[in-house]
Structures are given as C-alpha cells and as structure tokens.
Amino acid sequence: SGTGGANAGPRIVAVSNQKGGVGKTTTAINLGTALAAVGERVLILDLDSQGNASTGLGIDIEQRFKTTFDVLTGNAAILETVLKTAVPNLFVVPANSDLVGIDAALATDQNKAFKLRDAITAMIGHQRARDADTHFTYVLIDCPPSLNLLTLNAMSAAHAVLVPVQCEFFALEGISQLKDSIEQIRATLNPRLEIQGVVLTMHDGRTSLSREVADNVRAFFGNKVYDTVIPRNTRIAEAPSHGKPILLYDYDCAGSQAYIRLATEIMERERRYKAA
Ligand code: ADP
Ligand code: MG
C-alpha cells in the first residue's frame, strides 16, 4: 500500500482550490478510482453542498441517508455513512445541500474546525480494533470552492493538500492566497499540513496559453507540480452525467490514462519521500 505499514493509517489528502470549476471534484473521483484500481482502499469524503462527487460516483440523492453533514455535526460516525461505489475498493461518504447550513449548525461548537479530524481519528480507531484488512489507505476530501468552515475542517484533518490548477488565464489568481492560507493553517490548526502536489488540469497542448500557464505555475510551485498534466478531454466532462468515473466510462481515453499516470506519480513520489 502507498501508506506504509498496516497500522500507519490512511494518507489523508484534501483536494482544494478556492476557485470553482478547476477540476477538484473530477480529480477526487478519478484519482480515487485510479488509486483503487491499483489496489489501494480509497474513501472519498464529499464536502461540497453541491454533492458533485457523490453524483459523479453514481450515488443518487435518495441514497444519501447519512452524509458528511451528519458526520460533522456528530450525528453519525463515518463508518455508518460509507457507501460502496461501482469501483471495487472505492467508497464514498456522500453530501447533499444540508451542508449549506453547517455554519449555523456548528455556531456554538468550540471545536467546530476539528469535527472532521476527530471523526476520522475515531474511524481509524474502530478499523484498527476490528479488522486490519478493511483499513482505508487513502482518504480524499473533495472541498468546496471557498475557504469556509468546511475547507478548514478538511485542512485540519488532512496530512496534505492536493491543488488542481486549471490551465486558464486567471489560474494564478488566488493560488498565492491558497498558499498563504495553507501556511496560516499550519501555524494554527494543523502543524503537519503539507502541499501534496499541484496538478495542472484541462490542459490544451495546442494553445500557447495553456503552455504559458503551465510554465508560470511551475515557476511558482517548483517541483511540487506533477509531471503528469490532465488534458482537456470531452470524455471527462461526459462521465459524471453517467454516474461513472472516467476509468469506467472510457478506460482508453486520454483522460483515463492521465489519471492513471497521476496516481502512479503520486504513489512513486510518496515512496521516494518516505525512503529519503
Ligand atoms: P470543481 O470541483 O473544481 O468545481 P469540476 O471537477 O467539477 O471542478 O470540473 C468543472 C467542470 O469541468 C465539470 O463540468 C467537469 O466535468 C469539467 N472538467 C473537469 N476536468 C476536465 C477535463 N480534464 N477535461 C474536460 N472537462 C473537464
Ligand atoms: Mg467540485
């Protein structure tokens, strides 16, 4: 497994960028699928009130009995809310529009930024006590497009932040802000928080704009930027309406192959990092 020994606990990664439409949800779903395909046990936590990750994984609204809202408000343990997906080894805790009310629901809670961290810690404790073979090795948190209480919960719980950056003109806008926020969270809520990596999405190799943006992002983030670039690919955009990750919808397309390469690169980098 990519996370070391059986008792190491899952690698917890928040997929975050306060800009909307940059490929956060697409990356959570498809990176999760690719990791599961090579034998990791992956849990996706949908932390966006839009519930796009849940929908994209084929979970209908009526199936979302218990959601991340229930987890954050202490009404359900994570393991009571986990649903299977069509991908073996890939699981999801779904979300719905209840999350819109999270600020009000946690208004007087002294511990409001740590609800997810504590729920994940409890889950790991339960899994350890029960059955070593059912541990998750990765938890991917699909964050909303803002630095709100939900994102704070994700960053307090995570080991690292994975940042998808869309190859468009305004890509760098807000990215330095995100970097500052990560520094701030490290200084306050979560000293262990790292940048897992930066993945360029919706890249169009035919345009000089895409190439320029990619160069700028590499200049800003250095070797944190993955060599793997996710191309703009219409099959990726079609897949969610079929409730399927791209690897199930069209395994051979460029988008699927890119997410497989990304998963491989992430696991390879973690291995090297741990060996160093
Ligand atoms: P976010 O979660 O950051 O808001 P999404 O992952 O939902 O972003 O992506 C925004 C839109 O772009 C969605 O309609 C998605 O299907 C589409 N999309 C994402 N990645 C790609 C890609 N590589 N090629 C084509 N369309 C993409
Ligand atoms: Mg999203």
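How many helices and how many strands does the secondary structure of the protein chain come to? The chain has twelve helices and seven strands. Helices (H or I, at least four residues) and strands (E, at least two) are DSSP runs, numbered from the N terminus.

This is a predicted model, in which local features need pLDDT of at least 70, side-chain atom pairs count only at pLDDT 80 or more, and totals for chains, interfaces and linings use all residues. Residues are numbered from 1 along each chain as its sequence is written, while chains are lettered from A and ligands numbered from 1 in the order in which they are written.

## Overall form

Along the principal axes, the C-alpha atoms fill a box of roughly 50 × 40 × 40 Å.

Of the 276 residues, 47% are buried. A residue is buried if 20 or more other C-beta atoms lie within 10 Å of its own, exposed if 12 or fewer, and partly exposed in between; C-beta atoms are placed from the backbone.

Two residues are in contact if their C-beta atoms, placed from the backbone, lie within 7 Å.

## The sheet

Seven strands form an open sheet with mixed pairing. Their order is E3-E4-E2-E5-E1-E6-E7. The edge strands are E3 (83-84) and E7 (194-201), and each pairs on one side only. Two strands pair if DSSP finds at least two bridges between them.

| Strand pair | Sense | Bridges |
|---|---|---|
| E1 and E5 | parallel | five |
| E2 and E5 | parallel | five |
| E1 and E6 | parallel | three |
| E3 and E4 | antiparallel | two |

Strand E5 covers residues 138-142, and five of its five residues are buried. Tyr138, Leu140 and Asp142 point one way from E5, and Val139 and Ile141 point the other way. Val139 is the bridge partner of Ile12. Ile141 stands opposite Leu45.

Strand E1 spans residues 11-15. Five of its five residues are buried too. Arg11, Val13 and Val15 point one way from E1, while Ile12 and Ala14 point the other way. On the E6 side, Val15 has Leu162 as its bridge partner.

At the E3 end of the order, strand E4 takes in residues 90-93. Here Leu83 has Val92 as its bridge partner in E4.

## Two loop residues

Where is Ser146 found? Ser146 is in the loop between E5 and helix H7 (149-157). Ser146 is partly exposed, because 13 other C-beta atoms lie within 10 Å. Leaving out residues up to four places away in sequence, Ser146 touches Gln18 and Thr151. Phe69 is 77 residues from Ser146 along the chain, and their C-alpha atoms are separated by 17 Å.

Glu40 sits in the loop between H1 and E2. Is Glu40 buried or exposed? Glu40 is buried, because 21 other C-beta atoms lie within 10 Å. Glu40 and Pro88 are 48 residues apart in sequence, and their C-alpha atoms are 9.8 Å apart in space.

## Around ligand 1

Which residues come nearest to ligand 1? They are Lys24, Thr25, Thr26, Ile236 and Ala237, out of 18 residues around the ligand. A residue is near a molecule or strand if its C-beta atom, placed from the backbone, lies within 6 Å of it.

Helix H1 (24-37) and helix H10 (234-238) each supply at least two residues of this shell. H1 gives the most, with three residues.

By class, the shell has seven nonpolar, nine polar and two charged residues. Ala, Val, Leu, Ile, Met, Phe, Trp, Tyr, Cys and Pro count as nonpolar, Asp, Glu, Lys and Arg as charged, and the others, Gly among them, as polar.
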